[in-house]
Amino acid sequence: MIEIINLCKSFNGHRVLDNLNLTINTGETTVIIGRSGCGKSVLLKHIIGLLKPDHGQIIVDGKDITRMDEKELHAMRMKFGMLFQGAALFDSLNVLENVGFALIEHMNVKDDEIKKRVKECLALVGLKSIEDKKPSELSGGMRKRVGLARAICLRPHVMLYDEPTTGVDPIMGDAINDLIVELHNKLKVTGIAVTHDMTSAYKIADRMAMLYNGKIITVGTPDEIRSAKNPIVKQFITGASKGPITEGIDFEHLI
Amino acid sequence: MKKLVEALGHRFVEFIRYAGGVSVLMSQTLFWIPMPPLRRKQLVEQMSKIGVDSLPIVTLISLFTGMVLALQSAYQMQRMSAEMYIASLVSLSMTRELGPVLTALIVAGRVGASITAELGTMKVTEQIDALETLATNPIKYLVVPRFLALIMMLPLLTVFADVIGILGGYLIGVYKLNISHAMYMKNTWDPLKYKDVFTGLIKSFFFAIITCIVACYEGMTADGGAEGVGQATTSCVVNSFILIIASDCFFTALFYFIT
């Protein structure tokens, strides 16, 4: 279980996360929805310890990661896998080295074993025979899938997905959603995804949480979110331009 | 007046933040150097990129500098019939000053800019974050191999530049000014002491540290997409040039008084 307690983070005096509380249940995929720039990715980066909060705690398996030193944090990160928005593949390395990065760096594993494991991970995401290619030779969808293969290479307990369907066409987006669901079923990992793509959110989520003004304003199953009464949630999930979220914002000039 | 004070205060705070950031990066780099693994493959790759690939431009610039130095001093010395001292002037100027400084400026412009652009792109495309999520320290993985490669290759390039610069002076001295080969060589080696070469190498060692730390700091703190990477690259070249020239002034004064 991952517990986020009273998390606060400000950038240049602007409070992005404001006493945020959220509990992620083990084995579930929780999708955090919210507008672009509302702090979803910031929250995800706090969960894996890439950012330090101004205040608050993140308890993973009973340990507060905000107080961990670098060594403990690295050990904890071995249990996490993260898919970045733009895949964040290392340009200077080929697919084999990218996917097998953690094995090469941290495990005393023979080359043959690394190749075998990389092939398995690539097969899990529906790719084969691209081990020698450089990231620049791959399409957007392939890059995302290689990023996913890299994230699952160490058999993580927790998977973090930052906007998994952003930057790919709808068909590839759906294929990535299917992959996330399939990986969740096969590997039994706890998943945390942030997205503003509602189609993706409904498809992959066991539970959904909406982030608004630095706080989680609602948590529920996809069905509960669909039938939410909260006008803010309602406006967001229907994608209406008029409502409480956009009160005082004039879109007329865009027309 | 208030605005001026505010602007100065802002600049001062920025300077302190920059100096603090660079110092922290330097201390973290020193901390991570002895930590295993050595990453021999990456180190050799960086040494090749920084050292071997810089040879053509270092050769060209040092050769021309040596030639210009000989020609320029000939213009003055011919009036006093002191052409034979051209060789000493070229060899001492190259080893003590021009070799280390010019090589450092070339490497800061060529290699420093490329390090900033590479690390800056990695930063804005979240590759540095990805390294951390894969339990790998970015300083150990990215900065340490570049740091070690630079502190090894810049002094070597400097020795190479010294030799090529002296060769440039020799070509002008012997083939244009008709100084005999033996006389030129004698006047090159006689005034040259170990300490002249050695002080140049000490300088180049510190220039390598400046180039690497400034370049890596600018790259690892870049933000704002392609524009941010461009700005970081410009800052890297400008700041490392200023720091190289300023520290050269400091070391020249120091060596002047203590040797």
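**Helices, strands and a contact between two chains**

Let's start in chain B, where the axes of helix α2 (residues 40-50) and helix α6 (residues 138-175) come within 8 Å and cross at roughly 50 degrees. Helices here are DSSP runs of H or I with at least four residues, strands are runs of E with at least two, and both are numbered from the N terminus. An axis is a line fitted to C-alpha atoms, for helices over the stretch in contact, and angles run from 0 to 180 degrees between N-to-C directions. That angle makes α2(B) oblique to α6(B), because angles under 35 degrees count as roughly parallel, over 145 as roughly antiparallel, 65 to 115 as roughly perpendicular and the rest as oblique. The crossing of the two, α2(B) and α6(B), is right-handed (the near helix is turned clockwise from the far one by less than a right angle).

A word on the ground rules: this is a predicted model, in which local features need pLDDT of at least 70 and side-chain atom pairs count only at pLDDT 80 or more, while totals for chains, interfaces and linings use all residues. Residues are numbered from 1 along each chain as its sequence is written, and chains are lettered from A and ligands numbered from 1 in the order in which they are written.

Which residues of α2(B) meet α6(B)? They are B:Gln42, B:Leu43, B:Gln46, B:Met47 and B:Ile50, and their partners in α6(B) include B:Pro145, B:Leu148 and B:Met152. Contact means that C-beta atoms, placed from the backbone, lie within 7 Å. By class, this contact of α2(B) with α6(B) has nine nonpolar, two polar and one charged residues (Ala, Val, Leu, Ile, Met, Phe, Trp, Tyr, Cys and Pro count as nonpolar, Asp, Glu, Lys and Arg as charged, and the others, Gly among them, as polar).

Now over to chain A. Strands β1 (residues 2-11) and β2 (residues 14-24) of chain A pair in the antiparallel sense over seven bridges; pairing takes at least two bridges found by DSSP. A:Ile4 has A:Leu22 in β2(A) as its bridge partner. In this hairpin, two residues lie between the strands, and A:Asn12 takes a positive phi near 50 degrees.

Chain A also has an open sheet of six strands with mixed pairing, in the order β6-β7-β8-β3-β9-β10. Its edge strands are β6 (80-83) and β10 (215-220), each pairing on one side only.

Finally, the contact between the chains takes 10 residues from chain B and 15 residues from chain A.

Key. Two residues are in contact if their C-beta atoms, placed from the backbone, lie within 7 Å.
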